[in-house]
Amino acid sequence: MSNIVRIVLSSFLLIGTVALFWFGHWGWGILGIFMTILAWVTVFFNENMLIAQWYLRKENMVKAEQWLQNIKSYEKQLISAQHGYYHMLLGILESQRAPLQSEKFFKKALSLGLHMSHNIALAKLSLAGVAMAKRNKREAEKYLAEAKKADKNKLLADQIKMMKGQMGLMDKQQFRYSR
């Protein structure tokens, strides 16, 4: 359902709730307030994205992908602030199947804009992993440095340190095979 339809329905719910209070139906009016709040929340936070994120936290990738596939046209169904997060979720799901194919989703997410610094750090860390898989050390180092800079709350510090360690092992393997 597009956002315009959601806004119209939410506005009608709000008008109906005000009318319930006006005519003295306080119990139904309070229920109407809750329904109106829920309807307005779905304008700004798409329910398919919320449920997909919940399944991702539960590590149920199949159901998360099913809920993301319910979004047919993300330009119409999501507000512009959620476009980047939609592509990031697709990238996370794709990285489980084919890590090298997830690069386009993470790049698109970064180009569309992620608002929270730890999400930017996660996308750049994932891009660093893809670059390491492609044996592109320079690009991997660049993404790791950007991820470390974006990770202000040190939520991904352990993963960044582990990735740097793996990059050191990659150097040793290249040295061993170059002899």
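Predicted model: local features only at pLDDT ≥ 70, side-chain atom pairs only at ≥ 80, totals over all residues.

The paragraphs below go from the whole chain to single pairs of residues.

The C-alpha atoms fill a box of roughly 85 × 30 × 25 Å along the principal axes. The radius of gyration is 22 Å, whereas a compact globule of 179 residues would have a value near 16 Å. Of the 179 residues, 34% are buried, and the accessible surface comes to about 11,600 Å², with 64% of that area belonging to carbon and sulfur atoms. When contacts between residues at least 6 apart in sequence are considered, 54% of them join residues at least 24 apart.

The charged side chains come next. The protein carries 25 positive and 12 negative side chains, and the centres of these two sets lie 3 Å apart. Side chains of opposite charge can pair when their charged atoms come close. With a salt bridge taken as a Lys or Arg side-chain nitrogen within 4 Å of a carboxyl oxygen of Asp or Glu, the count in this model comes to seven.

One of these salt bridges joins E47 and R6, with 2.8 Å from N to O. Because E47 belongs to helix α3 (residues 47-57) and R6 to helix α1 (residues 3-22), this pair ties together parts that are 41 residues apart in sequence. E47 is partly exposed, at a relative accessible area of 30%, while R6 counts as buried at 6% relative accessibility.

Another salt bridge is formed by E146 and K124, whose closest N and O atoms are 2.8 Å apart. Here too the pair links distant parts of the chain, since E146 sits in helix α9 (residues 137-150) and K124 in helix α8 (residues 117-133), 22 residues apart. E146 has a relative accessible area of 28% and is partly exposed, whereas K124, at 17% relative accessibility, counts as buried.

The salt bridge between K107 and E103, at 3.1 Å from N to O, lies within a single element: both residues are in helix α7 (residues 103-112), four residues apart, which is about one turn of the helix. In this pair K107 counts as partly exposed at 37% relative accessibility, and E103 is buried, with a relative accessible area of 13%.

Finally, salt bridges can also be followed through a group of residues, as E65, E94 and R97 are linked in a network of them.

Conventions:
Residues numbered from 1 in each chain as written. Heavy atoms only, no water. Helix = DSSP H or I, 4+ residues; strand = E, 2+ residues; numbered from the N terminus. Buried < 20%, exposed > 50% of the residue type's maximum accessible area, 1.4 Å probe, protein only. Rg over C-alpha atoms; globule rule 2.2 N^0.38 Å. Contact = heavy atoms within 4.5 Å. Areas by Shrake-Rupley, 256 points an atom, 1.4 Å probe, with all protein chains shown as cover. Lys, Arg positive; Asp, Glu negative; His and termini not counted. Charge placed at Lys NZ, Arg CZ, Asp CG, Glu CD.
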